[in-house]
Amino acid sequence: MIKFGKVVVTGGAGFIGSHFIDYLVENNVVDEVIVIDNLSSGSINNIKHHVETKKVELVVADLKQFDQVWVSKFRDAEAVIHLAANPEVRVSAIEPRIHFNENVVATFNVLEASRLNDVAIHFFASSSTVYGDAKVIPTPETYPLEPISVYGASKAACEVLYHSYHKLYGFSVAIARYANIIGPRSSHGVIIDFINKLRKDSSKLEILGDGTQRKSYLYIRDAVEASFAILKLAKEVKGYHVYNVGNEDWIAVKDIADIVVEEMGLRNVQYIFKPVTPDGRGWPGDVKLMLLDISKIKKLGWRPSFTSAQAVRSTVKEILGKKG
Ligand SMILES: NC(=O)c1ccc[n+]([C@@H]2O[C@H](COP(=O)([O-])OP(=O)(O)OC[C@H]3O[C@@H](n4cnc5c(N)ncnc54)[C@H](O)[C@@H]3O)[C@@H](O)[C@H]2O)c1
């Protein structure tokens with residue numbers, strides 16, 4: 001098994017970050033993990049077990065401020081896994097500056113900290129939203145970057161920054177364009193939204209959009225395994241590696257609502273659809289149909305173990321405490 005030395009994980013106290021760290025520590029593929037997180041949406045509880053056993057050091061800092069408290073932690077690191085961002089696509093239509101700062105400015109600072117400390121290997125969490133309303137579905141990595149949200153644009157901007165650092169400074173880069181990643185510890189997204197609404201009032205459920213939006217959902221364990229596969233590739237082959245990370249299939253929002261209602265043991269819930277555009281989107285900048293072509297990453301030997309519907313059901317059960 002390949003092994004990394006010191007690894008910095010930005011956003012490591014968040015949903016994907018904490019599961020990624022579980023994977024790195026449990027498989028003993030890292031010597032040292034430094035998490036840099038401002039705990040804006042992440043929680044120390046997600047990584048407490050590793051901090052207590054001294055497998056992971058947590059540095060609470062804001063990546064928007066370029067300061068030595070966290071920049072010095074990049075010294076002697078072999079790789080940076082950059083996950084910190086504001087992942088709320090919806091917010092970006094209302095307050096675009098948040099995404100510019102949280103995603104583009106913070107990423108530029110991470111790149112500069114890496115350049116100044118000669119960190120060679122990089123993983124960046126991008127998103128399916130970089131493609132916008134793709135006309136080719138499933139969408140391959142070669143499809144043009146035509147985002148329709150500021151969130152998607154911020155991720156595309158980060159990708160091209162990484163490309164320039166790859167060309168100028170020889171960074172070996174792994175970019176994961178994630179579909180919707182779900183599982184325990186997630187603090188945002190449609191499943192949490194539905195469960196919270198139904199806990200408040202189980203007679204009705206407000207659904208953003210007309211419910212026919214259809215997207216690909218990937219279970220967190222599958223996402224972490226895929227992410228590690230491309231991080232490993234960036235160590236083995238110096239280059240600029242871009243991979244879609246998603247599922248083979250997709251699921252409609254209304255079908256997600258049905259699973260949540262069923263797992264919560266509810267009946268006769270009235271669905272109230274709230275489309276914000278004539279074609280039924282949930283918010284301005286919402287991509288209505290998203291399915292990624294994952295044939296490229298499958299060539300690395302990875303494939304999803306859960307379908308989108310299985311990933312949704314499992315996540316709902318775990319959030320409701322129905323199984324471990
Ligand atoms: N979850 C998904 O479905 C999904 C899909 C596509 C892309 N992504 C990307 O994957 C990454 C991880 O997403 P997630 O779902 O785990 O979200 P998350 O909110 O759980 O994790 C983000 C982490 O970054 C931290 N953070 C945010 N801004 C920071 C800053 N300025 N300085 C330091 N720390 C900061 C937060 O506290 C949090 O711990 C993000 O880059 C997100 O855009 C996620």
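Start in the middle: the largest nonpolar core runs to 90 residues, and V7, V9, A79, I81, A223 and V245 have the most contacts inside it. A nonpolar core here is a set of buried Ala, Val, Leu, Ile, Met, Phe, Trp, Tyr and Cys residues joined through C-beta atoms within 7 Å. Buried means 20 or more other C-beta atoms within 10 Å of the residue's own, exposed means 12 or fewer, and partly exposed is in between, with C-beta atoms placed from the backbone. Helix α8 gives the most to this core, eight residues. Domain 1 (4–181 + 216–245) and domain 2 (186–215 + 249–319) both contribute residues, so the core lies between them.

Bear in mind that this is a predicted model: local features need pLDDT of at least 70, side-chain atom pairs count only at pLDDT 80 or more, and totals for chains, interfaces and linings use all residues. Residues are numbered from 1 along each chain as its sequence is written.

Zoom in on V7, and you'll find it touching L24, V30, V33, A77, E78, A79 and I81, leaving out residues up to four places away in sequence. Contact means that two C-beta atoms, placed from the backbone, lie within 7 Å.

Now for the domains, whose bounds come from an automatic or database domain assignment. Their centres, taken over C-alpha atoms, are 24 Å apart, and 34 residues of domain 1 are in contact with 29 residues of domain 2. On the domain 1 side, α4 (91–94), β10 (217–219), α8 (220–236) and β11 (240–245) each give two or more residues. Helix α8 has the largest share here too, with five. (Helices, H or I of at least four residues, and strands, E of at least two, are DSSP runs numbered from the N terminus.)

On to the ligand. It is surrounded by 29 residues, the closest being G11, G14, G42, A85 and A125; a residue counts as near if its C-beta atom, placed from the backbone, lies within 6 Å. The top contributor to this shell is α1, with three residues.

Most residues other than glycine have a negative phi, and most peptide bonds are trans. The I137 to P138 bond is cis, with omega near 0°, and P138 lies in the loop between β5 and α6 (150–169). N28 has a positive phi of about 55° without being a glycine; this residue is in the loop between α1 and β2. K54, in the loop between α2 (48–52) and β3 (56–60), has a positive phi near 65°.
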